[in-house]
Amino acid sequence: MNIPFFNRLQLKKVTVGVADESGKRAQKVLEGLLADIPDLLMSCVVDTSSGKVLAFYTTNSAYNPNQISLRHAKLLRTMDEALTTKAWVGGPLTDVSVILEDQLHHLRPLNDGKWYCFLAVRMADANLGIAKEIMRRHTA
């Protein structure tokens, strides 16, 4: 019996979560990111409204895109609402970066805000400028 809940994450391989055109497009984004930053810890493309992971790549089962997808989708919706109601003055949301002790996490909306792309990389492997430029290039 194949129960997806009990299956382990595929490691060091771009895995497509949906078998349609959006899954193929998400896979292409992740393959481009991985080609430019081969030392990625994790990357995923997620549907913002549902929190469903369209495609992901991870090097370690501790980096599970299913555990973060809904939190990041809620964060982006909250930030968009704040911009819409003028509670937070600024232009459209282009990206969010979080710098941790030894990691950089970068989040960027794409597909007119319907999806977002997330990546995590060690600070020893890339800096913020490199991560943002590579993400912009592959999600534009």
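Modeller: Let's start with Cys-117, whose sulfur has its closest cysteine sulfur in Cys-44, 7.0 Å away, which is too far for a bond. A disulfide here is a pair of cysteine sulfur atoms within 2.5 Å, and by that rule the count is zero. Cys-117 is buried, at 0% relative accessibility, and Cys-44 is buried with 0% as well. Buried means under 20% relative accessible area, exposed means over 50%, and partly exposed is anything in between, using a 1.4 Å probe and protein chains only.

Please keep in mind that this is a predicted model: local features need pLDDT of at least 70 and side-chain atom pairs count only at pLDDT 80 or more, while totals for chains, interfaces and linings use all residues. Residues are numbered from 1 along each chain as its sequence is written, and side-chain values use heavy atoms, with hydrogens and water left out.

Helices (H or I, at least four residues) and strands (E, at least two) are DSSP runs, numbered from the N terminus. Phe-56 is also the bridge partner of Thr-15. Two strands count as paired if DSSP finds at least two bridges between them. Strand S1 (residues 15-16) meets S3 in the antiparallel sense through two bridges, and S2 (residues 40-47) runs antiparallel to S3 with five bridges. Six of the six residues of S3 (residues 53-58) are buried, so this strand is largely enclosed by the rest of the structure.

In general, strands of a sheet pair through backbone hydrogen bonds, either parallel or antiparallel.

Two of the connections between strands deserve a look. S2 and S3 make a hairpin with five residues between them, and Gly-51 in that turn has a positive phi of about 80°. Ser-49 sits in the loop between S2 and S3 and is exposed, with a relative accessible area of 63%. Its side chain makes a polar contact of 2.8 Å with the side chain of Asp-47. A polar contact is a pair of N or O atoms within 3.5 Å; within protein, one must be able to donate a hydrogen and the other to accept it, and residues adjacent in sequence count only if both atoms are side-chain atoms. Leaving aside neighbours within four places in sequence, Ser-49 is in contact (heavy atoms within 4.5 Å) with Arg-77 and Lys-114.

The other connection is the loop between S5 (103-110) and S6 (115-122), where Asn-111 is found. Asn-111 has a phi near 55°, positive although the residue is not a glycine, and is partly exposed at 22% relative accessibility. Asp-112 lies in that loop between S5 and S6 too, with a positive phi of about 55°, and counts as exposed at 76%.

Asn-64 caps the N-terminal end of H2, with a side-chain oxygen 2.9 Å from the backbone nitrogen of Asn-66. After H2 comes Lys-86, with a positive phi near 65°.

In H3, the buried residues are Ala-131, Ile-134, Met-135 and Thr-139. They cover an arc of only 115° around the axis, which puts them on the same side of H3; the arc is that of the directions from the helix axis to the C-beta atoms. Their cover includes helix H1 (21-36), S5 and S6. At the start of H3, a side-chain oxygen of Asn-127 comes to within 3.1 Å of the backbone nitrogen of Gly-129.
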